[in-house]
Amino acid sequence: MKVIKVLWEYPPEGWLKYNTDGASRGNPGLSSYAFCLRNDRGDIKYAEGGSMENTSNTVAEAKAILEACKHCKQSQYNQIIIQTDSMLMCKVLKEQCPFSKRVEWALKIKGVEYEYIEDDLQNKSSLLLQSNPIHKAVPVLIHNGKPLCESSVILEYIDETFEGPSILPKDPYDRALARFWAKFFEDKGLAIRKSIFFKGEEQEKGKEEVNEMLKVLDNELKDNKKYFVGDKFGFVDIVANAAALWLGVLEEVSGVVLVTKEKYPNFCGWRDEYCTQNKEYLPPRDELLAHYQVYIQRVVASK
Ligand SMILES: N[C@@H](CCC(=O)N[C@@H](CS)C(=O)NCC(=O)O)C(=O)O
């Protein structure tokens, strides 16, 4: 038997750390949750635990995190780290922004080493607010100490700044076409959100617009066309990540049906191929599903 020792690490100076755990005897079975809070010297400041009705291990892990968050909010702490041993809960809580994934994708194509800093969009960091004061959104690329915002702008910057395979086509006409299609995808973002997260008339309008988008794409992708511009993977294909993967996941978690093989066979064929060919640059579908199952509940609860 191989034993790997995992050492508990002190939080940085001035920070507090919650360690949470949940367990069930059987799945589902009698369950319990617990968490404890330590300061930067490792002293225990608070600990709590409780039993739960018959439930699963994951629900018990989630409850432990939730109770730690409630305690943190009541105590008005703001420099805190929550550590869980549940891989699934880490995946569920991890940010899964398609726009940020585009930037990481481009950096990987160019072979650029980078540091990824995740932000809490419910409680945005001062780094994010200072770097993107206009939109207050991720992604932001900080290069040579200077911030850049908007994923497609960042992709063009990466292409022009770093050596490696080109992302935009070399030919000016193809470059213009690439920008046209990238804008097309960007302009449909709000309609996708409306069709999934809104209700009533706004949702119907969103669905109509998404259907128009799918009709256009289905026509564009006829004859087994693989790439949007020319015969090489590039800029538009990276920007198309949300339509290729996120859209289907959002449909599944919301129950809203927009894409069917009968209506959009070319789009579906392209999408399947895209997800297989670009696996290494896309998050696993089950992780996205787990994330958006929780996300959609938060959106519904906030309305
Ligand atoms: N057009 C922007 C969209 C960026 C965007 O919407 N990011 C989302 C996360 S996926 C965000 O940070 N939203 C801000 C918020 O939730 O307050 C881009 O392409 O970079």
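How far apart do the end C-alpha atoms of residues 12-158 lie? In this predicted model, where local features need pLDDT of at least 70, side-chain atom pairs count only at pLDDT 80 or more, and totals for chains, interfaces and linings use all residues, the answer is 33 Å. Residues are numbered from 1 along each chain as its sequence is written. The span is 36% helix and 31% strand, with helices (H or I, at least four residues) and strands (E, at least two) taken as DSSP runs and numbered from the N terminus.

The domain assignment gives domain 1 (16-93), domain 2 (98-167) and domain 3 (184-303), with bounds from an automatic or database assignment. The centres of domain 1 and domain 3, taken over C-alpha atoms, are separated by 34 Å.

A nonpolar core here is a set of buried Ala, Val, Leu, Ile, Met, Phe, Trp, Tyr and Cys residues joined through C-beta atoms within 7 Å; buried residues have 20 or more other C-beta atoms within 10 Å of their own, with C-beta atoms placed from the backbone. The largest such core has 42 residues, of which Ala-106, Leu-155, Leu-214, Phe-235 and Val-236 touch the most other members. Helix α10 (residues 241-254) gives the most to this core, namely seven residues. Domain 2 and domain 3 each supply at least three residues to this core. Leu-155 touches Arg-102, Val-103, Ala-106, Ile-167, Phe-235 and Ile-238, leaving aside residues up to four places away in sequence; contact requires C-beta atoms, placed from the backbone, within 7 Å.

Note on methods: Buried ≥ 20, exposed ≤ 12 C-beta atoms within 10 Å, placed from the backbone. Contact = placed C-beta atoms within 7 Å.
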